[in-house]
Amino acid sequence: MLKVKNLSKKYEKVLAVNKVSFEINSGEIGVLIGPNGAGKSTTIKSIAGLLRFEGEISIDGKPNKSIDAKKIFGYVPETAALYESLSVWEHLEFIARAYGLKDWEETAEVLLTRFDMEDKKEKIGKELSKGMQQKVSICCALLINPRMVMFDEPMIGLDPKAIKELKEMFVELKNAGCAVLISTHILDSIAEIWDKALIMNKGEIVYNNTRDAMLASGESLEHIFFSLTDEEEAETA
Amino acid sequence: MKALLFVIRRTLKNLIKGVFKKPILLIGYIFIILFIVLMLVASFAMPSGFIRSGSPGFFTGIMSLVFIFMYYTTLKLGIEKGSTYFRLADVNFAFTAPIMPNKILLYAFIKQVGGTFLFLFIAICQIPNLKNNFALQPYGTWMILLSVIMYALSYPLISMILYSWATKSSGRKNLLKRLFDILALAVAVLFIFSLAKTRSFADSLDEVFNNPVARYFPVIGWTSSIASAAMNGFTPEFWVGAMGMVLLIAGASVVLYRMNLDYYEDVLEGAEYVEAALKAKREGNNLRFNLKIKNKVNQKLSGTGASSIFFKNLLELRKTAFFMFLDRSSVMVIIAAIVFKFIMPSEASELTLSTILFFAAYMLLLIQMQGGIGKEIEKHYIFLIPASSAEKLFFVTLGEHVKNLFDGFILFTAAGILFKAPVNIVAGCTITYGFFGAVYTYGDIIARRIFGRIHSKGVLIFVKAIVNLLMVLPGIIGGAIVFAITRSEFLMISIIGGWGFVLATTLFVFSAGILNNLETVS
């Protein structure tokens, strides 16, 4: 579903992402993990079509910046930013209009209920807490019933119930055949759900493996992570 | 496109609904509307050249200077950060949606047309003053407003194109920045040479800017030529300027539409910058671009309890200042106030430093409108310090008073030497300037208590500015009456300063309880 081939991104003289290649298949949860500054957000933003880059990114065989690709992927950014004067419901209506969704209201109601936001429908963007803004952002990404969805540090600011709900949603999305890519640096938050782990360090993918292959090797994700990013860890310690 | 128009429509609708939910805000908005209507009526209906009739060349010079300053500052910032019409919500939602980038750009353009209202409002406030001093054409007001609209529409487009080109390498960015600096420096050098020759600001403005090269100079010359039509009529310069600007705006839009559909990255940093600037505004700061913060300064943390806040503030001020407490805003006030005195007509020469005091106090009002206490009350520390609210309020604002007195001292000492003013006038102006600052500071706190922090900061800032002006007005009227009777500038300043002191003290007493808990400030 998602194919990234030789993705490179340079900010002036800094090479933030260097020839990164990976794939996330339909019905698969991929986790993009790495220390701060590893290039995770740059990779996600490139896939979301927000940055210029070198290399190829396709979603369901279509270039990621094409209108056809945009119709089928959802994106939850690292920083939830809402339209200050639009209500929660109006955000969802805007997404429905932008993506040409029909009969979206019921799905919207279900999403809001799952995130305990059903009584906040009329609240406007600037009246919401950071956690609530994040919930709206997630609801907007999921409203389109995406075939591929990306979450950039999605747990930050969420309450325990919302985190639990979101994890269940990841699995539901996977079971529904959606390709899910989650970027995080909190390993525990995705420990039970991932199918494919991509460890990034200094702009490169230093580990790309499936859960089955990793289990067969007898190692834990945490151990692999620290062994591959050890130098970085030592510097930050 | 329908989805994007939905955002604009609903935003407007919700804004209006929000105002009707809060009666005090409704009063604020009615107040603003009345003020705008009043200014509009004054702009269009009042006679031109009421006080004096400045020369067309002088008028063209002022317009050119204003647009040089505006284009220079906004475009330079644009090269660095990519000025943008967009907010982060647009980036997160609209950019990732299946909507053509050119339609998103069109949506942004429509939003920006709304944004020009702010510029128009600022311009409208200046028109009565211009009409007093210049014999404008009957359609003069329209021409000034047209030039402002052209500026507001063109600068984000030019910025985006320049940024898009410059961002490819740091070399290009530096080249463009240097080019802008060289142009600005060239104008400054030309002006200084002219000034040395003419010894008159008005004549030099005429000489430097009222010539074919300046009037036909792309963008800046075109815009100021449109504004100059307010006085000079529909000259060839106007038509060239108007056509040039229309073609520029259309051309720049086409360039962005057709040649650079991949402009999202260019916008991203700009949008993040806009969010940071708005956040800073909410906290009561101006986001100062490229602000250098020194690591080490010769200022120790000291004091205990509430007084420790004062020393912490002093340390912060010193870290961002060029010298002692002299920072960018101080330099801006000092230079602008002294230039203003030079430009002022000779009939005001009886007042040695008072005109500078009034102008500097007006500038200080604009700078302090954001309210310095905001950055403190956004954090929890101030509420936890074991001291009374009044004591904490005194110390948290003391740093600002020290800075204002310091700035005032530098400004009026320099002006005193330049304009040969007596020492008592210099001292009086310095202290009065400090009291003006105190009135604005405590006025801001009262406004926060009345209006809260939730609604539009723009409205709050506007209301604060008007209320502050109304509050200091009795002192100024009193001072003017005393001056009319006694012809003593010192007495006039003393009356105004005395009123400032009484006002600041009263406002302090009323706002003393604000730091009891978070709820008293929100």
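User: How many residues of chain A are in contact with chain B?
Analyst: In this predicted model, 27 residues of chain A are in contact with 26 residues of chain B.

User: Which helices of chain A supply residues to that side?
Analyst: α2 (67-70), α3 (88-98) and α5 (130-143) of chain A each put in at least two residues. The one that gives the most is α3(A), with five residues.

User: And what's the side of chain A that touches chain B like by class?
Analyst: It has 16 nonpolar residues, five polar and six charged.

User: OK, chain A by itself. How many helices and strands are there?
Analyst: Chain A has nine helices and 10 strands. It runs to 237 residues, and 48% of them count as buried. Looking at its contacts with a separation of 6 or more, 72% are between residues 24 or more positions apart.

User: Switching topic: which residues have the most contacts inside the largest nonpolar core?
Analyst: Those are A:Ile95, A:Cys139, A:Leu143 and B:Ile226, in a core of 143 residues. Helix α6 (residues 140-166) of chain B brings the largest share of this core, 16 residues.

User: What is B:Ile226 in contact with, leaving aside neighbours within four places in sequence?
Analyst: The list is B:Met143, B:Leu146, B:Ser147, B:Met150, B:Phe238, B:Gly241, B:Ala242 and B:Met245. There's also another core, apart from the largest one, with 50 residues, including B:Ile356 and B:Cys429.

User: Back to α6(B). At what angle do α6(B) and α10(B) cross?
Analyst: The axes of α6(B) and helix α10 (residues 220-232) of chain B cross at roughly 170° and come within 7 Å. That makes the two helices, α6(B) and α10(B), roughly antiparallel.

User: Which residues meet there?
Analyst: On the α6(B) side, B:Met143, B:Leu146, B:Ser147 and B:Met150 are among them, and α10(B) residues include B:Thr223, B:Ile226 and B:Ala230. By class, this contact has 10 nonpolar residues, three polar and no charged.

User: What about α6(B) and α7(B), how do they pack?
Analyst: α6(B) and helix α7 (residues 170-198) of chain B have axes 8 Å apart, at an angle of about 135°. So α6(B) and α7(B) are oblique to each other. B:Leu162, B:Trp165 and B:Ala166 of α6(B) make the contact with B:Arg172, B:Lys173 and B:Leu176 of α7(B).

User: And the classes in the contact of α6(B) with α7(B), what are they?
Analyst: Four residues are nonpolar, none polar and two charged.

How values were computed
Residues numbered from 1 in each chain as written. Chains lettered and ligands numbered in written order. Predicted model: local features only at pLDDT ≥ 70, side-chain atom pairs only at ≥ 80, totals over all residues. Contact = placed C-beta atoms within 7 Å. Helix = DSSP H or I, 4+ residues; strand = E, 2+ residues; numbered from the N terminus. Nonpolar A, V, L, I, M, F, W, Y, C, P; charged D, E, K, R; others polar. Buried ≥ 20, exposed ≤ 12 C-beta atoms within 10 Å, placed from the backbone. Core = buried A, V, L, I, M, F, W, Y, C linked by C-beta atoms within 7 Å. Axes fitted to C-alpha atoms, helices over the stretch in contact; angles between N-to-C directions. Parallel < 35°, antiparallel > 145°, perpendicular 65-115°, else oblique.
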